[in-house]
Amino acid sequence: MEMTVPMIFNGSAEVEEGNMYPNIRLFTPNLVQTNTTLYDFESIMQPWSRASNVSLGGTTWSFFSAVCWLYGRELYKRLKYPIGLIASDWGGTPVEAWSSEDALKRCKTDGKQHIYGPQYRSVLWNGMIHPLINMTIYGVIWYQVGTMERG
């Protein structure tokens, strides 16, 4: 979810609490949609940064995802070892934009176009997810609220 930490209830306290978690690292790619599969990010909104009031307290709608932070912080409290959080998000987007063409073919979607947000299938997968493929990732949380293609 693209809603940032300062935007949530008690956001300023959450931002200040970020200083208590120096073993959590945060990363946010820029909003990129492309028909070409990328192997590296075209641009980065927030490079790998230590969790702090600065890295959590970006401007409204810039960085860092509140859902990603709150979940990751609780995960860190339980695991008790350093973790990295990647917030690759774009609010109000259809799941088809985040899915690879191969996955969409297997799901047998009908290929209808969307009338808002990224309007084509796989454009966010290509620009904001596929560049993560070569990273070592031990877990993924997918939080999809919004829209899906309706048949």
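1. A residue is called buried under 20% relative accessible area, exposed over 50%, and partly exposed in between, with a 1.4 Å probe and protein chains only. By this criterion, buried residues make up 42% of the 151 residues in the protein.

2. The structure is a predicted model, in which local features need pLDDT of at least 70, side-chain atom pairs count only at pLDDT 80 or more, and totals for chains, interfaces and linings use all residues. Numbering starts from 1 along each chain as its sequence is written, and side-chain values use heavy atoms, leaving out hydrogens and water.

3. Overall architecture: the protein has 5 helices and 3 strands, taken as DSSP runs (helices H or I, at least four residues; strands E, at least two) and numbered from the N terminus. The order of the elements from the N terminus is α-β-β-α-α-β-α-α. Of the contacts (heavy atoms within 4.5 Å) between residues at least 6 apart in sequence, 70% join residues at least 24 apart. The accessible area, from the Shrake-Rupley method with a 1.4 Å probe and, for residues, only the protein chains shown as cover, is about 8900 Å², and carbon and sulfur atoms supply 56% of it.

4. Aromatic pairs: rings of Phe, Tyr and Trp (its six-membered ring) pair if their centres lie within 6.5 Å, with planes under 30 degrees apart counted as stacked, over 60 as edge-to-face and the rest as tilted. The structure holds 5 such pairs. One of them joins tyrosine 21 and tyrosine 76, whose ring centres are 6.0 Å apart and whose planes stand at 85 degrees, so the pair is edge-to-face. Because tyrosine 21 lies in the loop between helix H1 (11-17) and strand E1 (24-29) and tyrosine 76 lies in helix H3, the pair ties together parts that are 55 residues apart in sequence. Tyrosine 21 is buried at 7% relative accessibility, and tyrosine 76 is buried at 16%. Tyr21, Trp69 and Tyr76 form one aromatic cluster.

5. Serine 49: this residue belongs to strand E2 (residues 44-50). Its relative accessible area is 19%, so serine 49 counts as buried. A polar atom of its side chain lies 2.6 Å from the backbone oxygen of proline 47. Neighbours within four places in sequence aside, serine 49 contacts Ile24, Arg25, Leu26 and Ser55.

6. Methionine 20: this residue is in the loop between H1 and E1. Methionine 20 is exposed, with a relative accessible area of 58%. Methionine 20 and asparagine 53 are 33 residues apart in sequence, and their C-alpha atoms are 9.3 Å apart in space.

7. Backbone phi: most residues other than glycine have a negative phi. Asparagine 10 has a positive phi near 65 degrees; it lies in the segment before H1 and is partly exposed at 45% relative accessibility. Serine 122 also has a positive phi, near 70 degrees. Serine 122 lies in the loop between helix H4 (101-107) and helix H5 (123-129) and is buried, with a relative accessible area of 2%.

8. Surface patch: Tyr71, Leu75, Leu79, Tyr81 and Ile141 form a nonpolar patch with about 470 Å² of accessible area together. Members of a patch have over 30% relative accessible area and no salt bridge, and nonpolar side chains (Val, Leu, Ile, Met, Phe, Trp, Tyr) are joined within 5 Å, like charges within 9 Å. A salt bridge is a side-chain nitrogen of Lys or Arg within 4 Å of a carboxyl oxygen of Asp or Glu. Leucine 79 lies in helix H3 (residues 66-79) and is partly exposed at 34% relative accessibility.

Technical notes
Polar contact = N/O pair within 3.5 Å; in protein donor to acceptor, adjacent residues only side chain to side chain.
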